[in-house]
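Subject: Structure for you to look at

Hello,

My notes come after it.

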Amino acid sequence: MYPSPIWIRTWSVLAAGLLVIEMSGLARAALSAPVSRPIRAVLREPLPPEELSLTEEAAEVVVAGPTFTYRVQKATGLVSAVRVVREGREVIASSGPAELQLDQYRFASAFNPGKLVVERAGKDQAVLRVEGTLRDPAQRGPEVDYTLRHTFFNDGVVVSAVKLTPRGELRVERELVYRLSARGQLSHYLHKTRGENGSDAVRGSLPPAGQAVRFTAETSCLQVFSPAAALAIFTDGGALHLSQPKLDTAVVETAGPADGPGRISLAQYLIRIAPGDPPRVLKAGEPLTFRVGLSVAPNRRPHPRMHDLRMFTWIGDEKHPYPTDAEISRVAQFGFTLFQMHRVGTPGLPRPPADEFMRVLDKVHELGLLFLWEENADLMYDSAPGVRELKAKGQFALWQGFNYGGRYTAEMDSYCDLIATCLASPNGLAEYRLANLARMMDRYAVDGIYLDDNLAYGNCTLAREHGHPREVYDCLIELHEMNWRRRELLRRRCPHTVLVSHSTRAFVLPVVCNFDALIYGEGYSFGSLTDYWSYFGFAHCLPAQGMIWPGGQDIERCPASLVYNYDLLTGGGQYSQIDWRLFPHKFPHAKGVTPPEPFYTQAYNLAQYDFGMYESRIWRFVDAADLFAATAPQTFATVYRNQTWGDWLIPVANMANQDVKTALAFHSPEALGFEPHKDYVLFNVHRRLARNLRGDALNAAFSDLAISGGSLQLFYLREAPGQAPFHLWGGKRISERWDASARKLTVSLDGPAGRQDTVFLAGANHGLQLVLAGGAPARFFFDPAQGLVHGQVTFTAKPLTLEAHYSVSGTNRLPHKVAAPASPYF
Ligand SMILES: [Zn+2]
């Protein structure tokens, strides 16, 4: 859409104001000069520490990770308290122990002292073991010997193996239940059962105070969450024995107003007997074993690169398994930072022609991107030596799985022939998977893993062969441990490693907590913006980057124009792309490819690249209503502020199908850093229109916005220093210096090597002599109506130096030319 006449008129008037800006006077260098790190350096900064510490106090053992603290009572072995912080602020605090209750027997009781031993106190894992005896306070039942063995992981998960051995016959007349109450910043719930993989998990908003949501299916994981925090309880023994169907197996309950705000209780039943039904009898000397666990988020500190993890996936096909150097360069020029190869073979064993692999890896690294190798949680290449060996011995049942009917193939690529393996990675499969990764890291400087199909499926029929605790079991606890072991290995070998999980809609905390990014969708659309943030914003709680799969052969998908509304309103960097969509002539395999897709992808990716999401603070539409709001129905805005440069990026989006007129009303501009008496330049990023304004005219500048259906307008704002020219847009600004005596503006700009784009300079209209790019004269123009200097540059592997020379005389020597919109689609 092109500017309406109102826009043109308004801008012409205001742009004239730019002409009066004087160049003489205060040198900008007098101010402290900001400097940015190029994105390639930020991507490679090591992850923040993910370490556990264990301290013993008089009555408790304290296990603490980067964001969470667990306390364990020495006397009983119970996890007595859980506390989780986010940026120093408490977001979850338990209001009692994580309690196991067996009818009248209580673990949290002075009647049954136990003995605690610290078996392991590692930085990755701590193991505590407690042995004791449970006593019935009314002395009606027998004594019950118990063992609790807690394994604390540095990812915020604790798995507690429980063994209960009654000394005499024990009649369970009501329940065996695992409970936790906590107060926290939580808004939604999710319940996963042992029989499905989590994409069909029941989910919703937490009930009003004093009400409960009850579940009757075989419970596996019950979690409460928000984009700020999450808490889950899980068990491998959910609904082991119900005296009749339809009894509650799990309950999430919101406390009444008397208990204060935000308190919720979670319960999972292992045994449940309805009143009057026969008891479940536990025989003397026969142990009952099961596992329960807790998982919390945030479970680590954020990495600044998070919202810059823009992933591209190379799937290829039989004819073109590896990308050419030119295609890799093109991908880099789209502003992606992660290059994932999707069908490259068993980790460490690249597919034929294998010598192509090093070329690709080197090229990806040369261009500054990180390389991710894809593997599956549920499949192995049929060609993998370990698979061949086990098959030859006739023992493949030891690893066998059942997803995709046991085998996954792709019609356009015969190398893609994979065999299903059990999600628990049993009988040495976990070690085989890890050995593959270790060999991969020995041979190649791979930066991380894209783990496909990371879902706790409940479809294994080989419970006995695989040592599963139940006939129907989702392998959730083993899948978590496999994911944790992978993360530990890769973090050791590559301190900046990136782990991406594909989990469709199944955001089950212990399954996904070991990943830096969660990709969702089979290309499907999202119900509404608030639903998107409520459910898919989950990734943020870890914290992890969310990623949206663009759809390959999927019929249903979110169009590329609309998807950036979701992306830019909620944090950025989420829309991933694939070769099948960006190179459709070479790979005619994707459904619904439209001509504008590459334009949208490139324009919005590069806008984020140039603004520097890694340096930015965000005010999302959803929690900034007191600061600003878009006024028309179905329109929304989010504000980003770069903390290094102090500038702003503001997407204003229209979620409706039809075109609308809206405004963006700032209620509290000072809170966003605007000052009423300062001067700013407002730039429409895609239409390439600039105007200057004073801080107190902010609302007027945003009062009349025309936005097409299902799209957005992207605005950039920078304070105008007043006395000096400055870089406005185009390329990631690394540094900028105005030398007043030499009348020279020097800007260092980072961009993907080979990218051609327009750079805009603002703030001084007189005396332009010459612009040099990389030391050579560059074709730059002056747009007198907007007071903008603009010209095309080609970015290089190292940041490009741009020098603009100004004369004292005030004569402009650049040719005049109007700045044109970035593409016909904007
Ligand atoms: Zn199995």
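This is a predicted model: local features need pLDDT of at least 70, side-chain atom pairs count only at pLDDT 80 or more; totals for chains, interfaces and linings use all residues.

Residues are numbered from 1 along each chain as its sequence is written, and side-chain values use heavy atoms, with hydrogens and water left out.

Zinc site. The zinc ion has the protein donors Cys422 (SG), Cys460 (SG), His466 (ND1) and His468 (NE2), at 2.0 to 2.3 Å. Donors are N, O and S atoms within 2.8 Å of the metal (3.2 Å for Na, K and Ca); water is not among the atoms, so sites may look incomplete. The angles subtended by the four donor atoms run from 98 to 126°, which makes the arrangement tetrahedral (four donors, all angles between 85 and 135 degrees). The spacing of the donor residues in sequence is C-x37-C-x5-H-x1-H. Cysteine 422 lies in the loop between strand S29 (413-420) and helix H6 (429-443), and cysteine 460 in the loop between strand S30 (448-452) and helix H7 (463-466); the pair, 38 residues apart, links distant parts of the chain. Helices (H or I, at least four residues) and strands (E, at least two) are DSSP runs, numbered from the N terminus. Both cysteine 422 and cysteine 460 are buried (under 20% relative accessible area, 1.4 Å probe, protein chains only).

Glutamine 268. This residue sits in strand S21 (residues 263-272). Glutamine 268 counts as buried because its relative accessibility is 0%. Its side chain makes a polar contact of 2.6 Å with the side chain of threonine 219 (N or O atoms within 3.5 Å; within protein, one able to donate a hydrogen and the other to accept it, and residues adjacent in sequence count only if both atoms are side-chain atoms). Leaving aside residues up to four places away in sequence, glutamine 268 touches several others, among them Tyr178, Cys221, Phe234 and Thr249 (heavy atoms within 4.5 Å).

Sheets. S27 and S29 are joined by three bridges, and methionine 380 stands opposite isoleucine 419 in S29.

Another open sheet has four strands, ordered S46-S49-S53-S52, with antiparallel pairing. Its edge strands are S46 (726-729) and S52 (780-783).

Regards

Notes:
Buried means under 20% relative accessible area, exposed over 50%, partly exposed in between (1.4 Å probe, protein chains only). Four donors count as tetrahedral if all angles lie between 85 and 135 degrees; four count as square planar and six as octahedral if opposite donors are over 155 degrees apart and all others between 65 and 115; anything else is irregular. Two strands pair if DSSP finds at least two bridges between them.
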